[in-house]
Structure formats: C-alpha cells, structure tokens
Amino acid sequence: IHHIVHNGGLYKKPFNEAFEETPMLVAVLTYVGYGVLTLFGYLRDFLRQWKIEKCQNATEREEQKDFVPLYQDFENFYNRNLYMRIRDSWNRPICSVPGAKVDMMERVSHDYNWTFTYTGRVIKDIINMGSYNYLGFAQNTGACQEAAAKVLSQYGAGVCSTRQEMGNLDKHEELEKLIARFLGVESAMAYGMGFATNSMNIPALVGKGCLILSDELNHASLVLGARLSGATIRIFKHNNMQSLEKLLKDAIVHGQPRTRRPWKKILILVEGIYSMEGSIVRLPEVIALKKKYKSYLYLDEAHSIGALGPSGRGVVEYFGLNPEDVDVMMGTFTKSFGAAGGYIGGKKELIDYLRTYSHSAVYATSLSPPVVEQIITSMKCIMGEDGTTFGKECVQQLAENTRYFRRRLKEMGFIIYGNEDSPVVPLMLYMPAKIGAFGREMLKRNIGVVVVGFPATPIIESRARFCLSAAHTKEILDTALKEINEVGDLLQLKYSRHRLVPLLDRPFDETTYEETED
Amino acid sequence: LQEKEELIEEWQPEPLVPPVSKDHPALNYNIVSGPPTHKITVNGKECINFASFNFLGLLDNEKVKNAAQASLKKYGVGTCGPRGFYGTFVDVHLELEERLAKFMRTEEAIIYSYGFATIASAIPAYSKRGDIVFVDEAACFAIQKGLQASRSNIKLFKHNDMADLERLLKEQETEDQKNPRKARVTRRFIVVEGLYMNTGDVCPLPELIKLKYKYKVRIFLEESLSFGVLGEHGRGITEHFRINIDDIDLISANMENSLASIGGFCCGRSFVIDHQRLSGQGYCFSASLPPLLAAAAIEALNIMEDNPDIFQTLQGKCKRIHRALQGISGLKVVGESFSPALHLQLEESCGSRENDVKLLKRVVDYCMNSGIALTQARYLEKEEKCLPPPSIRVVITVEQTEQELDKAASLIKEAAQSVLN
C-alpha cells in the first residue's frame with residue numbers, strides 16, 4: 001500500500017515517499033554482527049598492546065611521548081577495527097572524467113587495508129553510480145569546457161584576493177545576475193565553496209536571541225553554521241510537519257528559555273533533497289507553516305537544484321510554488337553544474353546585507369574565473385539560452401531515469417528509501433559485512449557504487465547510495481540493474497516484503513529539544 | 001488555548017536582515033575587468049596592482065596556465081564528489097599532496113578545496129570541548145572560527161608577547177596540579193601564524209619551541225602568508241628560523257597567495273595529518289578541489305622549486321618599499337621589512353573608526369586615480385575578537401619593478417599630504 005499525500009490541495013501532484021520498516025530479524029542480526037566485530041576489536045587491541053600483533057598505526061614522536069595523547073584510544077576504536085577492514089570501498093582513485101563511465105586505478109592491499117599499492121592497471125569504463133553528476137555536465141569536451149578554457153587563458157586560475165578587496169571580477173557580477181534570473185529571485189551572491197556558504201552565512205543572518213529549527217538529518221555544513229551563529233537550536237523530526245508545528249507554537253508561546261523574552265527571529269533550516277535518505281522536503285507545508293507563524297525559511301538546494309522541476313529550477317519549481325516565499329535560497333554548483341562553489345539568492349536587502357556582513361565576502365577568496373565560466377555556460381544551457389534544447393532534454397532524461405531505476409529496484413525486492421522523484425536512491429544493506437561485500441562485488445562487475453555506514457547513517461541503517469545522472473543511457477541502467485540483481489541474490493539483500501508503512505502512521509512522539517549552552 | 005492563539009497573533013519578529021545604507025563602504029565593490037594581475041583595470045582605470053596577494057607573480061604565468069589547460073582538457077572543471085566518493089583524482093590530488101609533503105619535507109599533506117576552510121576545519125578536528133588553546137590576539141578570522149567551532153577553552157595572549165604566554169602557561173600548570181587526573185586528558189595547543197596578516201610581523205618561533213617542550217604544548221602553525229615567501233627556498237618560517245620541521249605538529253597554509261591557485265593544505269607527520277581524513281569537516285563533507293586548480297598549484301610548485309632566487313628578489317623589493325614608505329607624515333608603516341603585506345595606519349586617529357575609514361578611503365581613491373591600485377584592509381567589525389585599527393593594505397609582488405615601487409611610495413606620500421593635512 002502506498003500512501004499518497006494531498007493535504008488539502010497544497011500538493012499539485014502526488015507526493016510519494018516511503019521508508020519501509022527494518023525487518024525485525026535483520027535488525028537483530030545487524031546488532032549481532034556489530035557485537036561480534038566489537039569483540040574482535042577488543043581482542044585485536046589487546047594483542048596489539050601486548051605486541052603479539054604488529055601495530056600498523058602511525059605513532060607519536062619519541063620526543064613527545066610524555067605529552068598528553070593527541071587521540072583517545074576509544075575515539076579511534078571504530079576507525080581501527082571496523083572502518084579499516086572495509087576501507088577499500090572509499091577514496092577510490094580516479095583517472096578520468098567522472099561522467100557516466102569512469103576509469104579507476106586498481107589498487108591492492110597485502111596487509112588488510114592498512115596500506116595500498118597500485119598494481120598499475122587501470123580499470124576502464126566503470127559505470128559511475130557514485131558521482132554527483134545529475135545533469136551530466138561533468139565533461140571534458142563541449143561548449144562548457146571550451147568556454148572555461150578561453151577564460152582560463154585570459155584570466156588565469158586564481159584570484160588572490162577577497163571579494164571586498166580586489167577580488168570582485170566582472171565575471172562574478174555577470175554570474176550573480178544570471179543566478180538571480182535562473183532562480184526567479186531579485187538578487188544573488190556566489191561563494192567559493194558550498195560547505196563554506198552555509199557555515200559562513202548562517203552566522204551573519206542569526207545570532208544570540210534567535211531560534212533555529214533544523215531538520216534532524218541536516219548536512220554537517222548547516223549544523224556547523226547553526227552552531228557558529230550562537231543561536232538556540234531545536235531539532236524537529238525528519239520531514240515531520242507536526243513536529244515542526246509543535247516547536248513553532250511552543251517557541252512563540254513560551255519565548256526564550258529562562259528569560260521568557262520573545263525570540264528575535266525564527267529560522268527554519270531544511271534541505272531540498274536529503275542526500276542520505278533520498279527524501280524531498282515537504283515544501284508546501286513548510287511554507288504554509290512559515291507564513292502562519294511568521295518565521296523565515298532557509299532552503300539548502302545542494303542536491304535539488306538542476307535535478308528537480310520540469311526545467312531544472314529546483315524543488316520550488318517541482319512543487320509549483322513561488323520562489324519569493326522562500327526567504328533564503330541556497331545551493332551549490334558542484335552537483336548539477338559540474339563546477340564548484342555555492343550561492344545564496346533572495347531579496348535585494350538580504351543580498352546587500354550579505355555583501356557587507358558575510359564572513360566569506362570579507363575574509364575568503366572569491367570564485368576562480370574558469371569555474372565561474374563553467375557555471376555560466378552550464379546554467380545558460382539548462383535555461384535553453386544557448387540556443388539548443390540540450391538542457392531541457394537532460395532534465396527530462398534525469399526524471400525518466402529516476403522513475404525507471406526506482407521502479408525496477410522496487411520490483412526486484414530491495415528496500416529503497418525516499419521519494420519517487422529523487423535522483424538519490426538509497427538501497428538498504430543493514431549488516432556491516434554487507435557494506436564491504438556490496439562495494440567489492442559491484443566493483444568486480446565493473447560498477448562503482450557508494451556505500452555508507454555509521455557515522456553518516458544510524459548504526460543499523462547502512463546503505464548503498466546510487467546517484468543517477470542524465471548521462472546514464474537506458475542500456476547503462478539496464479546493465480547496472482542486472483548486476484545489482486545478481487549481487488542482491490548473492491548477498492541476500494532483497495529484504496522488502498512490499499509492506500510499505502503509510503507515512504502518517506510513522507510514530508510521532510514527544511520531540512526532544514536540543515539547546516546550545518551559553 | 002485562546003491565549004496561545006493571541007500570543008501567536010501578537011508576536012512580531014525582527015526583519016530577517018537590518019537595512020544596509022547605500023553608501024556603506026563595504027557595499028560598493030571595486031569591479032575588476034579582466035584578470036587581477038600586475039596591470040589591473042579597476043572601475044575602468046588601468047592601475048598597477050598593489051592589492052592582490054600575488055606575491056610570486058604566478059597568476060598569469062604561461063606555464064601555470066598551460067598545466068591548468070591540460071588538466072581541464074582531461075578532467076573537465078568539477079570533480080562532482082567529495083574525496084571519499086570518487087572525487088580523488090590520482091594525478092592531481094594525490095600528486096599535489098605528495099609534492100607538497102616533499103617540498104615541505106614532512107611525511108604527509110592533505111588538501112582542502114578552500115583556503116578559509118583549511119585551518120577552520122583542522123583545529124576542531126583535534127581540539128575538542130575541554131581542551132585548552134593558547135592563541136595570539138592578532139590571529140586571523142579563519143583561526144577564530146576554527147576555535148569557535150572546536151568549543152575549547154581559548155586563552156588569548158598579547159601579540160608576540162612570550163612573557164604573557166609563559167604567564168598563562170604557568171597559570172595552567174598550577175591549575176593542573178590541583179586536578180592531575182583531568183590534566184592528563186586535557187590536550188593543549190598553541191596556535192600562531194608564521195607571518196601575521198593583521199600586523200605584518202613574524203612570530204618568535206624559537207622561543208615558542210622552547211615553551212612547547214617545557215610545558216608540553218603542541219604547536220599549530222598557520223603559514224598562509226609565509227609559505228612561498230620566507231626562507232631560502234620558500235618553505236616558510238621554519239626554514240627562515242632554521243627549525244626542524246618535525247618540531248611543529250601541524251602546518252596549515254592556503255594556496256591562494258604565493259601559489260596563485262585556490263584551496264589550502266595542511267602538512268606534518270602522518271600521525272597527525274591522517275586523522276583529518278575522517279574528521280576534518282571541510283575535507284569529508286565537501287567536494288574536492290577542481291583538477292585545473294590543483295594542476296595550477298603543482299606547476300606553481302615546480303616553478304618555486306626551479307627558481308629559488310625569486311624569494312631573495314621579493315625580499316629585496318619588500319625592504320626597498322619599506323624604506324621608501326618611512327617618514328610619511330600622518331601614516332605609519334606596520335609590518336616587518338621583509339613582509340610582502342604591509343599595513344599603513346593613521347598615526348593619529350581622528351576620533352571614530354568611521355571617520356578614519358573615510359579618511360583612508362580618500363587616500364586610496366587618490367592613489368587609484370593616479371594609477372596605483374590599493375585597498376583598505378577589510379574586517380567584520382562586530383565579529384573580530386581584537387579588531388585591528390583601520391589601515392591600507394600594501395602588497396608587494398615580484399613583478400613590480402623598482403620604478404613602480406618608487407612611484408607607489410611617492411604617490412602615497414603625495415596622497416597623505418593632500419588628504420591628511
């Protein structure tokens with residue numbers, strides 16, 4: 001049974017999101033697995049301490065042996081005993097464009113992943129299901145690359161100054177006008193790093209005496225920005241509107257803790273697409289709540305810009321809403337535009353304020369000119385201003401790929417989280433051993449996937465995450481699906497019993513408050 | 001329930017952002033048309049660039065641009081992923097890390113994709129709540145943000161004042177003796193910069209090393225301005241003072257000054273650096289450095305290694321202009337004679353910071369109108385811990401000729417005469 005939400009006409013088309021419950025047996029086995037690994041970990045640590053087993057870690061200098069140790073032993077327990085064993089699934093070295101297919105340098109380890117050596121062989125044409133290449137702009141040929149090459153030879157690679165000093169190039173002004181037009185907002189500002197956009201601008205917008213309501217599963221950059229601002233942070237359950245409403249009501253009615261003074265402002269932090277869950281934010285409801293309770297909305301569209309919406313304008317267009325309802329629209333250029341950096345769009349007063357008081361404008365270097373050119377060219381292509389329909393086709397191709405891929409995986413019997421329209425597809429693995437096994441088996445079959453475990457996800461919910469791309473043709477997807485099917489049978493990953501829990505029945509209990517200390 | 005509805009109705013939040021006046025000095029940016037190289041076109045006027053941190057003049061070096069072009073042809077622009085998820089390119093990222101480690105003669109190096117994020121992610125990776133960090137007052141903003149994110153106890157000591165630092169260390173020692181159990185697990189760090197951006201002088205590294213071993217404190221050195229400037233081969237302040245590099249626990253620098261690229265790196269022993277690969281926030285949760293920028297940095301490093309005499313040339317030019325700028329009535333030079341980034345501060349403030357800033361702006365405008373591009377040093381006035389006084393930033397690069405240096409000095413003298421008297 002799929003639960004489809006309409007919520008009184010706020011949604012113009014069905015909002016189809018599902019998170020199947022973890023089967024009880026699987027949960028128990030997962031805990032057992034972690035328990036066994038922990039016991040083995042203690043055993044190995046014991047052996048290493050008594051020098052029965054060789055210690056492969058780097059160690060402290062002789063001269064500094066009597067200093068306070070830099071790391072506590074238990075902090076690195078997970079790192080030494082669990083992460084090390086499956087470390088070869090991450091940090092894989094690439095030697096070609098990260099497009100639909102990628103070349104990888106083969107590496108082997110003779111000492112159980114403590115050190116790697118290159119065999120010298122290059123594994124060619126691995127199907128790339130791990131890079132954030134939603135619209136397929138990661139190319140080394142074509143209009144974007146040529147434009148970037150021209151700008152590189154004219155401007156050079158670096159900028160060597162901050163935005164407020166001597167680093168504001170005419171290219172940056174051009175880019176910002178284009179972004180504002182693309183998003184449908186009054187004004188925009190671009191920054192050199194997506195992570196830094198969040199961590200340096202949230203502190204400029206809110207401070208002490210303000211309240212931040214942040215989603216449970218927000219990205220590390222949002223959490224860091226919220227912490228650095230000094231405001232009080234309260235967490236609401238992931239995508240749960242009742243939880244958010246309750247927090248809003250309580251905040252306005254009770255005011256600040258201890259002093260009972262009213263809050264200066266309330267900022268809601270949400271993301272467009274959550275990259276670990278594949279879920280899309282319930283934007284119509286959030287905006288309705290925001291208007292009712294007079295708070296401000298900060299939308300981080302890192303994954304959804306370019307990937308959602310009939311013309312790639314992001315989650316606001318996907319729901320058919322007005323971009324002026326979102327106070328701060330933030331996003332990054334790394335994923336859909338094949339470049340680097342971040343932006344913030346909104347009203348002119350907001351952007352003028354950020355131009356003056358943003359930490360990044362004063363202390364950090366501006367974007368590199370060839371990167372700016374790549375963003376300009378790719379954005380124009382998506383908007384259709386370069387005279388072709390290439391951009392529009394990419395957006396449509398991505399939407400088709402998403403629907404097809406998700407449907408086929410569900411039919412095969414895997415547990416897939418997230419919204420039907422999100423190009424991020426998490427496939428649940430649960431058990432620690434399967435994390436490593438899945439990554440390695442897929443690589444043997446020439447498919448590169450991303451597997452994630454603790455601490456990026458809750459401890460029993462490890463998963464493999466596929467990132468679809470407009471560059472993937474149907475043949476590539478079919479090959480991938482065939483292999484995933486094989487590996488799924490081999491590793492017994494087909495947990496789904498087609499019993500999808502209706503969304504509103506997800507148990508809602510008393511929210512917990514997390515407040516910062518003064 | 002009725003009351004609650006009323007309260008919700010009545011509550012009025014502040015506007016999201018307060019209005020900014022149209023003639024706020026920071027709102028109207030200088031627009032640079034074309035590349036920010038030696039000859040720069042600012043707001044339509046062609047000037048000689050004394051404001052970009054392009055110390056070794058590598059911003060429009062042909063070899064650097066060609067290396068970046070080759071990388072662009074091979075990889076495109078973006079990397080589409082963080083280092084952990086198919087974002088590690090062998091012959092750019094891994095190569096750059098190896099080259100940097102070899103150049104600085106350390107075991108390992110790690111690259112970040114943004115200069116500001118480098119030190120701001122490195123400090124919280126090691127120093128947690130309950131640890132103690134002794135930091136210089138004049139530390140740059142990135143260090144301050146890193147310290148804030150780490151939630152540790154911060155103890156500021158007066159700029160370059162080793163006696164003050166020793167006093168704080170002694171106080172901490174007596175505290176430790178009261179609670180030895182806690183002291184055994186509390187980590188301590190000293191964070192200093194090689195060449196301070198805000199004051200233009202160097203830290204007394206030999207004394208710091210002595211204090212390190214006496215009080216068992218680790219040292220984190222931020223070398224953004226001194227990398228590629230100080231020392232015989234440009235290895236920074238450790239080479240300048242001839243100190244064993246293993247004595248410094250972590251060296252962090254950004255590649256946006258001498259290397260004329262984007263990004264930053266940390267180098268040190270593997271024991272220290274490897275930890276950041278899993279716990280450096282700016283490394284794990286952010287896309288990796290675009291390959292063309294990494295290739296540009298590698299080529300810049302090659303040039304630095306092949307021409308070690310540019311460092312001497314740069315130092316000579318710094319000394320020359322430092323001498324030439326002495327004795328200007330109304331302005332004093334702040335910074336060491338070999339520092340390529342100087343500050344010119346007003347000898348006497350005219351009362352308020354706002355008026356000082358306006359006065360300095362007039363000096364800068366005078367110089368810009370006559371062909372020398374300068375800028376005021378920008379700060380976030382409310383956020384800095386120890387706000388430096390308003391100043392004009394003068395940056396010396398290897399590309400400036402002696403005539404240009406002399407012209408700049410005389411122009412600044414003229415400007416000071418006409419504006420300040």
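User: Why does A:Asp125 count as partly exposed?

Analyst: The relative accessibility of A:Asp125 is 44%. Buried means under 20% relative accessible area, exposed means over 50%, and partly exposed lies in between (1.4 Å probe, protein chains only). A:Asp125 therefore counts as partly exposed at 44%. This is a predicted model, in which local features need pLDDT of at least 70, side-chain atom pairs count only at pLDDT 80 or more, and totals for chains, interfaces and linings use all residues. Residues are numbered from 1 along each chain as its sequence is written, chains are lettered from A and ligands numbered from 1 in the order in which they are written, and side-chain values use heavy atoms, with hydrogens and water left out.

User: In which strand is A:Asp125 found, and what is stated about its phi?

Analyst: A:Asp125 belongs to strand β5, residues 117–128 of chain A. Helices (H or I, at least four residues) and strands (E, at least two) are DSSP runs, numbered from the N terminus. The phi of A:Asp125 is positive, at about 55°, although the residue is not a glycine.

User: Which residue of chain B has a positive phi although it is not a glycine, and is that residue buried or exposed?

Analyst: The residue is B:Tyr86, with a phi of about 60°. B:Tyr86 sits in the loop between α2 (62–75) and β4 (88–89) of chain B. With a relative accessible area of 4%, B:Tyr86 falls under the limit for buried and is therefore called buried.

User: What makes helix α10 of chain A largely enclosed?

Analyst: Helix α10 covers residues 348–357 of chain A, and seven of its 10 residues are buried, so the helix is largely enclosed by the rest of the structure. Among the buried residues are A:Leu350, A:Asp352, A:Tyr353 and A:Arg355. The cover over the buried residues includes α4 (170–183), α5 (194–205) and β12 (342–346) of chain A.

User: Why does A:Ser199 count as buried?

Analyst: A:Ser199 lies in helix α5 of chain A. Its relative accessibility is 9%, so A:Ser199 counts as buried. Not counting residues up to four places away in sequence, A:Ser199 touches A:Ser221, A:Leu224, A:Gly225 and A:Leu228. Contact means heavy atoms within 4.5 Å.

User: How do you know that B:His93 is buried?

Analyst: The relative accessible area of B:His93 is 1%, so the residue is buried. B:His93 lies in helix α3 (residues 90–104) of chain B. Leaving aside neighbours within four places in sequence, its contacts include B:Thr79, B:Arg83, B:Ile111 and B:Leu289.

User: What makes B:Ile123 buried?

Analyst: B:Ile123 has a relative accessible area of 1%, and it is therefore buried. The residue is part of helix α4 (residues 115–126) of chain B. Beyond its neighbours within four places in sequence, B:Ile123 is in contact with B:Ile143, B:Gly146, B:Leu147, B:Val191 and B:Phe220.

User: How many helices and strands are there in chain A, and why is chain A as compact as a globular protein of that length?

Analyst: Chain A has 15 helices and 17 strands. Its radius of gyration is 24 Å, close to the 24 Å that the globule rule gives for 518 residues, so chain A is as compact as a globular protein of that length. The radius is taken over C-alpha atoms, and the rule is 2.2 Å times the number of residues to the power 0.38. Of the residues in chain A, 64% are buried.

User: What does UniProt place at residues 24–43 of chain A?

Analyst: An unreviewed UniProt entry places the feature "transmembrane region" there. UniProt positions are given in the numbering used here, feature names are shortened, and annotations may be inferred rather than shown by experiment. In the model, residues 24–43 of chain A are 100% helix and 0% strand, with the end C-alpha atoms 29 Å apart.
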